[in-house]
Structure formats: C-alpha cells, structure tokens
Amino acid sequence: MSVLTTTIFKFVLALTIVVSVTGGLLAWRERPEPGAVPLIALLAGQCWWAATLIFRIDATGLSAKMFWVDVSWIGIGLIPVAWLFFSLEYAGYTEYTTRNYVLLSLLVPAITAVLGVTNDAHHLLYIDSTLVQQDGTTTLSRTPGAWFWVIAGYTYLLGLLGAIPLFQLVSSSVQTFRGQSVTLLVGIFAPWVVNILYLFEVLPTAGVDPTPIAFAVSGVAYLGALTRFQLFGTNPSPIRHARATVFNRMQQGALVLDSHDNVVDMNPQASSALDTTPHDALGRSISHVCPDLTPPIATSQANQSIFRPPDSNRAYDVSESCIKDIHDRLLGRVITLHEISDLLRQQQRLEVLSRVFRHNIRTNTQVILGNANYLATHNSETKATAVEENALEIQDISDKVRAILDVFERGREGHTDVPLETILAASIEAARNEYPAVEISATPVDEDIYVNSLFDTVCSNVIKNAAQHNTNPDPRVTVSVETQQNAVEITVADNGPGIDDHELALISQGTETPLEHGSSFGLALIAWGTDIAGGDVTFEDNDPTGTIVTIEAPLRSQ
C-alpha cells in the first residue's frame, strides 16, 4: 500500500467517522423512537472500528499494531448486535428486544473482545502476527485462528436475521417504508460485500481490512433514511403491534385454524368462550378442543351459526371465514365468536312480556266487558265481583310491568350496594303487613353483608309471592341466609301449592303452549332481576309441598 493510498485510506476513514457521528447525533435527537438507541450503538461501533484502523495504520511497531487490532473487536462485535436489535425494534418485533435477549446476543462479542486482548495466551483469534513491508508502508499480517471464524459466522448470522424484517417491508404499500427498508439494506450490504471480498483476498489491501471504509456508504445510507425517508418520523413499528392488539383485545373471540382444523392461534376472548387455555388448545384439533364448534368449512362465503357452550347460559354468533393464498388454495379459516347472550335474553324477555301481557290483558278485558254489559241490565253481585277481580289483576300486571321496567332501567344506569339485612327486613315486614295470616320467619343476617341494590326488588317479590300464593291451612314462609366465599345464598321456602312447570318453562325458555299462559310477571321479575344483578336463582319443590327459591347474590365489598 503506497503512501498516497494510505493517505486516501485514512481520509475515507475519517469521513466515515464524521458521517457516523452525524447520523448518531440525529438518531440521539429521536429518542425514544423505536430503533433509535440501537442505531446509535451501531454507528458508535462503526466509529470505533474506523478510528482503531486509523491508529493501526499510523502505528509502527508490531505490538502497537496488534493492540489496535485487538481493541477494534469491541466495535466489531457491537455492530451486528446493534443492527439486529435496530431492525427488530424498527419492524415492531419488540418482544425479542428485552434485556435478556440483548445480554445473550452480546455474549459472543464479549468473549471475542476478551480473547482479542489475551490472544498471546491462547492464539484462538489469531495464530500468528507479522509485519510486512510493501510499497514503503509497513502493514500487519495475521493468520486467523479458530475463534475468528466463529465470530465471523456469528456476525453474518445476526446480519442476516436483522435483514429479514426489512425484506418484508421492501414490498410494502407505503412508499416511505419501501424507501426506508431499501436504504437500510444498502447500508448493511455495503460492508458485507467488502468484508467478504477481503476475507477471500480479492481486494489488494495488503492485509488491511477495508470494511470500515464501506461504512462511509453505510453512513450515507443511514443519513438518507433519517432525512429523506423520515426514518424516525414514520416507521412501521406500530403495524405489527396494532394487529396483535386488535386480535387480542377485540370484543369477539377469534380462533385461527389450519387446513387440517388444528387450532394455531386464539385470543383471550376465545379462550374464555371455550373454557380452555392456549396451552391446552393450540396445536390440537378443534374437534378435541370443542366438539360442539365444528361447522362445515365454508367454500366461498362466510358460514354463520349459533354456538352454546355446554354447562353455560352463554350464546355466541359464529362467523367462519376462509383463509386463501394468491393461488386460491385453502390455508385454513378464522372462526369468530360474537357473544349474543344479552341479546337473546332481551329477546326472550320481550317475548315473555308480549305473550303474557297480551294474553292476560286481553282475557281480563274481555271478562270485564262481558260482565259490564250484563250489569247494565242485571243487578248481579257475582258479576260485579268478577269485574273487580279482573280489574285488580290488570292493575297487578301493570304494577309488575312497571317494576320490571324499573329493573331494566336500573340495570342500565348502574346501582349501589346496600346491606342485605336492610333488604330482607324491609321485604319481610312488607309481606307480614300485607299477609298477616302467613307465618314468616327468618334467620339473623350479619350487618356487614352487602349486595347489589337490585336484590331489594328480587327479594321483595320472592317473599311476597311465597306468602300471596300460599293456600295451605297453616301457611308458613322461612327465609334463611348462608354466606359463602364470594357470594351469599338467600333461601325462601314455603309450604304452599308450588309452582306449575309451565310457569317455570315460560321464564327459562321464553315459550308457552296455546293452552298454558303465565298468570303473572312475578317469576319473570325474580329471574330477570337476579340475572341483571349478576346472580343466579333456582326453583325446587319443597317436601311435602311448596317451593324452595334459592338466590345466589355476589358479595360486594365496602
């Protein structure tokens, strides 16, 4: 290497340092944008390598030249690691940029740096070192050792891994991302090509690695990405996060199946709907994960159905869409589960209200009109009583409808928490005053038990119905309370005639036969109010006669 060549060589290296420092300062201003810190580290590594090469050229003795080669490995090892993590942050793969991954990736470069300064003890990095005189210039010639090829392979591996996310953006529909990715790839490929040519001794550099000179091209490319293509002003990092966020936080459950109907992905909502976990479901056939959720695969249009999980009162509208490639080959399908439990319950409630209200009002009105016509010409106490009874029944239905509408309204607006003792005391006192012939007993209730305020309407109607419809010669109603871990059970037992099965079916199924109609809205008010308040209610036959109503109310903290 001639003196002129050496001078040009050093000038280009100095230019590399200037360009890298400029890019580093621009990147420093963009912190904490994704990729800014790794890019600063990458440019710092380039500066370090270029600076040590200048000092190596100017050094005269063998030990001095060897020293600058050895310390250069600090920057050489930092460059591929910084490149990899810059690429991952830039493309949005931040789950792989945690501290543990960074420390793990720095392990090999750290070992290399230690081996560089201790090479005389083991010769793993370089086997031997000699000075060579060429064209009046003294250069250092070193024979690579075993570890040299390890770090070389490691460097190219990290470089390739970092290039993969950028290759995916070369065809992006966003022109800015295309320009950024191409420019960044030019920045990394320029030193790659020069280094490969040097390793195969294609370049006449007299044993001096010219890779840092190619960093001038890299620096210009990075500057172009920072300025011309607004590297940190617009970057694709949010795209991948947004897609993951939409999938995981969407209200609907979503499952991704492959072409063999194996579950390959699912969001938390789908896990909840199927009562499973990704650990138990992923990789398994959907027929094993949930046998009830295996509709025939759609061929051209989305397929829809209703899915009801076993042992659950939830219901889901199922949409199934095919996943196809550009060759129209089936890759799999996406199944979405939109919960419609509330919609179906509302539909059921409206159906019950419509059927029962329409039938009872029509029947009572017809009776009143018929008896009124008879009373117009006859003075009949029996007919007058019938008119009064039917009018009172209409009034009772109206009161129940108003109570139901009030429960619906309170359920929408939110409600407070009240002591259960206050609710039961008021409900029992009201029932005793209205039905003094019925013996109503109750167990003591702790003062610190709080429940949803909607249970005041529920408990009042349960106790009132138990007393009102009790035709036993010795009518009794018993109210008991049992506290569990997260709920309280309120049990109301009576010795009356019990509840007809068709009345319960009307509430649970929302249907009735032409000859069987609900006589009131009392059961509907109890069932719907409990459901809206987040509880559960069951009806059982008492022994020997009567009904046991058990209300499970979630405990509320105070």
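An axis, here, is a line fitted to C-alpha atoms, for a helix over the stretch in contact. This model is predicted. The chain has 558 residues, with 19 helices and 14 strands.

**Whole chain**
- Of the residues, 43% count as buried.
- Take the contacts with a separation of 6 or more: 62% of them join residues 24 or more positions apart.

**Helix 3 and helix 7**
- Two packed helices are described by the angle between their axes and the distance between the axes.
- Helix 3 covers residues 62-91, and helix 7 covers residues 146-169.
- Their axes come within 9 Å and cross at roughly 20°.
- Angles under 35 degrees count as roughly parallel, so helix 3 and helix 7 are roughly parallel to each other.
- The crossing of the two helices is left-handed.
- On the helix 3 side, the contact includes Trp73, Pro80, Val81, Trp83 and Leu84.
- On the helix 7 side, residues in the contact include Phe148, Ile151, Thr155, Leu158 and Gly159.
- The residues of this contact divide into 16 nonpolar, four polar and no charged.

**Confidence**
- The mean pLDDT of the chain is 81.
- A pLDDT of 70 or more is reached by 86% of the residues.
- Over residues 297-303, pLDDT stays under 50. The model has 16 contacts beyond four places in sequence for this stretch.
- Over residues 510-519, pLDDT also stays under 50. Here the model has 24 contacts beyond four places in sequence.
- Where pLDDT is low, the predicted coordinates should not be read in detail.

How values were computed
Residues numbered from 1 in each chain as written. Predicted model: local features only at pLDDT ≥ 70, side-chain atom pairs only at ≥ 80, totals over all residues. Heavy atoms only, no water. Axes fitted to C-alpha atoms, helices over the stretch in contact; angles between N-to-C directions. Helix = DSSP H or I, 4+ residues; strand = E, 2+ residues; numbered from the N terminus. Parallel < 35°, antiparallel > 145°, perpendicular 65-115°, else oblique. Left-handed = near helix turned anticlockwise from the far one by under 90°. Contact = heavy atoms within 4.5 Å. Nonpolar A, V, L, I, M, F, W, Y, C, P; charged D, E, K, R; others polar. pLDDT = per-residue confidence, 0-100. Buried < 20%, exposed > 50% of the residue type's maximum accessible area, 1.4 Å probe, protein only.
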